[in-house]
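Here's a walk through this two-chain model, from the fold of one chain to the place where the two meet. Grab your viewer and follow along.

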Amino acid sequence: MCDSCGCGDSDIVPVAVHERILANNERAARHNREHFHDHHVSVINLMGSPGAGKTAVLEATARVLGPSKKLGVLVGDLATDNDARRVRAAGIAAEAITTGSACHLDADMVHKGLHRLAWRDLDVLFIENVGNLVCPAVYDLGQDVNVVALSVTEGEDKPLKYPTIFRKADLVLLTKIDLLTVLPDISIARIQENLSMVMPKPVMIPVSATTGKGIDQWVQWLQDLKLVQHAHDTVTHAHGHHHHGHAHR
Amino acid sequence: MHEYSIVQAMFDQIEAQAHQRHAVAVKHVYVRIGRSAGVDVPLFKTAYDTFRVRTICEDAPLDVDEVPERWDCPEGHGDIPPGHRLTCDTCGRPARMASGDEIVLERLELEVP
């Protein structure tokens with residue numbers, strides 16, 4: 001009620017909110033992250049455009065890392081579970097999250113997806129996001145690191161055109177480098193230079209899932225994640241036996 | 001098109017605020033969106049206009065304060081100019097984002113009987 005003149009009109013009350021609009025997603029992401037840390041699972045949010053080679057990278061990763069680490073994948077797609085089936089065929093536990101029309105995964109979808117995957121026993125969980133260079137960048141899922149797959153056929157200027165997703169990347173996997181022989185105008189150095197304009201710590205590993213080139217370096221990067229090491233040590237001590245996940249080099 | 005999801009999340013927040021204060025209508029909505037937050041502002045506004053029909057926000061104009069992207073040196077060597085590599089020329093450290101990443105519901109004007 002208007003108090004100043006008693007006219008009976010409603011009051012217009014200003015309210016300072018100052019709340020992040022995605023606060024609910026961020027809470028759900030924190031919740032996922034706590035679960036992952038409690039169970040010593042390293043979690044990678046793998047993003048990239050449709051056809052960038054995300055699934056192929058996971059298949060190649062399974063070939064190299066599968067024998068020594070327990071890997072799992074949650075695959076986000078608008079429709080079909082084709083990618084989940086491909087990854088399963090490569091020997092990794094995988095479940096599909098079908099988003100319907102949503103162009104990205106959010107923390108809640110990941111949480112529900114976890115209910116269908118025996119993720120607690122994993123060393124590394126990959127969350128293969130919906131193929132899209134825009135929307136997934138905005139949503140925290142509870143991951144430890146963001147990895148963006150960028151294929152050489154997408155063009156050198158993709159980092160400049162989609163700066164947000166590359167800014168949030170801890171690593172860029174430059175995929176399909178076996179095709180460089182037929183792409184004389186594409187320069188890895190120029191892609192690296194463009195990344196340094198949008199990533200404060202530009203780290204790029206060129207790989208080919210077809211020839212296997214660079215996959216060792218990518219696997220080494222995964223194993224060097226402090227979290228993997230830490231998780232590993234803790235699990236070894238807690239159970240007092242030799243953990244299956246040691247890297248033998 | 002995640003702008004629709006973001007607007008949906010904002011409506012949940014607005015409804016919670018309005019409910020808490022026994023408001024009958026929202027008269028104005030103010031948000032702050034960073035230029036590098038990954039949100040297309042025209043699309044965000046379109047999504048808002050689509051959603052607000054027959055809601056508590058029906059008569060509430062939306063004000064978007066667009067925040068420029070700004071980077072600086074974490075060691076205090078000043079701003080990194082736009083179009084520059086995201087490392088400090090003085091100390092070589094990776095730049096730190098000072099602003100431009102926010103998606104914030106700043107304030108509301110509520111009609112309270």
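This is a predicted model: local features need pLDDT of at least 70, side-chain atom pairs count only at pLDDT 80 or more; totals for chains, interfaces and linings use all residues.

## Chain A at a glance

Take the contacts in chain A between residues at least 6 apart in sequence: 72% of them join residues at least 24 apart. Here, two residues are in contact if their C-beta atoms, placed from the backbone, lie within 7 Å. Chain A has 249 residues, and 45% of them count as buried. For burial, the rule is 20 or more other C-beta atoms within 10 Å of a residue's own; 12 or fewer makes a residue exposed, anything in between partly exposed, and C-beta atoms are again placed from the backbone.

The secondary structure of chain A comes to nine helices and eight strands. These are DSSP runs numbered from the N terminus: helices are H or I with at least four residues, strands are E with at least two.

Residues are numbered from 1 along each chain as its sequence is written, while chains are lettered from A and ligands numbered from 1 in the order in which they are written.

The scores are ipTM 0.92 and pTM 0.89. Chain B averages a pLDDT of 96, with 100% of the residues at 70 or above; pLDDT is the predictor's confidence in each residue, from 0 to 100.

## Covered strands in chain A

Start with E2(A), residues 42–48, where seven of seven residues are buried. In a regular strand the side chains alternate between the two faces of the sheet. Both faces of E2(A) are covered: A:Ser42, A:Ile44, A:Leu46 and A:Gly48 are buried on one side, and A:Val43, A:Asn45 and A:Met47 on the other. E2(A) pairs in the parallel sense with E5(A), residues 124–128, over five bridges, and A:Val43 stands opposite A:Leu125 there. Five bridges also join E2(A) to E6(A), again running parallel, with A:Gly48 partnered by A:Ala149. Strands count as paired if DSSP finds at least two bridges between them.

E6(A), residues 145–151, in turn pairs parallel with E7(A) over five bridges, and A:Ser151 sits opposite A:Thr175. E7(A), residues 171–175, has five of five residues buried: A:Leu171, A:Leu173 and A:Thr175 on one side, A:Val172 and A:Leu174 on the other. Next comes E8(A), residues 204–206, paired parallel with E7(A) over three bridges, with A:Val172 opposite A:Met204. The chain gets from E7(A) to E8(A) through helix H7(A), residues 188–198, in a right-handed β-α-β crossover. Right-handed means that, with the strands pointing away from the viewer, the path from the first strand over the helix to the second runs clockwise.

The expected span is 1.5 Å times one less than the number of residues.The buried residues of H1(B) are B:Glu3, B:Ser5, B:Ile6, B:Val7, B:Met10, B:Ile14 and B:Ala18. They pack against strand E1 (25–34), helix H2 (41–52) and E6 of chain B. Just after H1(B), B:His22 takes a positive phi of about 55°.

## Where the chains meet

The contact takes 27 residues from chain B and 30 residues from chain A. On the chain B side, helix H1 (3–20) and strand E6 (103–112) each supply at least two residues, and E6(B) gives the most, with 10 residues. By class, that side has 15 nonpolar, five polar and seven charged residues. Nonpolar covers Ala, Val, Leu, Ile, Met, Phe, Trp, Tyr, Cys and Pro; charged covers Asp, Glu, Lys and Arg; the others, Gly among them, are polar.

Strands also pair across the two chains: eight bridges join E1(A), residues 11–20, to E6(B), and the two run antiparallel. The bridge partner of A:Ile12 in E6(B) is B:Glu111.

## A closer look at B:Ile103

B:Ile103 lies in E6(B). Why does B:Ile103 count as buried? Because B:Ile103 has 21 C-beta neighbours inside 10 Å. Leaving aside neighbours within four places in sequence, B:Ile103 is in contact with A:Arg20, A:Ile21, A:Leu22, B:Ile6, B:Ile33, B:Ala37 and B:Val39. The C-alpha atoms of B:Ile103 and B:Val67, 36 residues apart along the chain, are separated by 9.7 Å.
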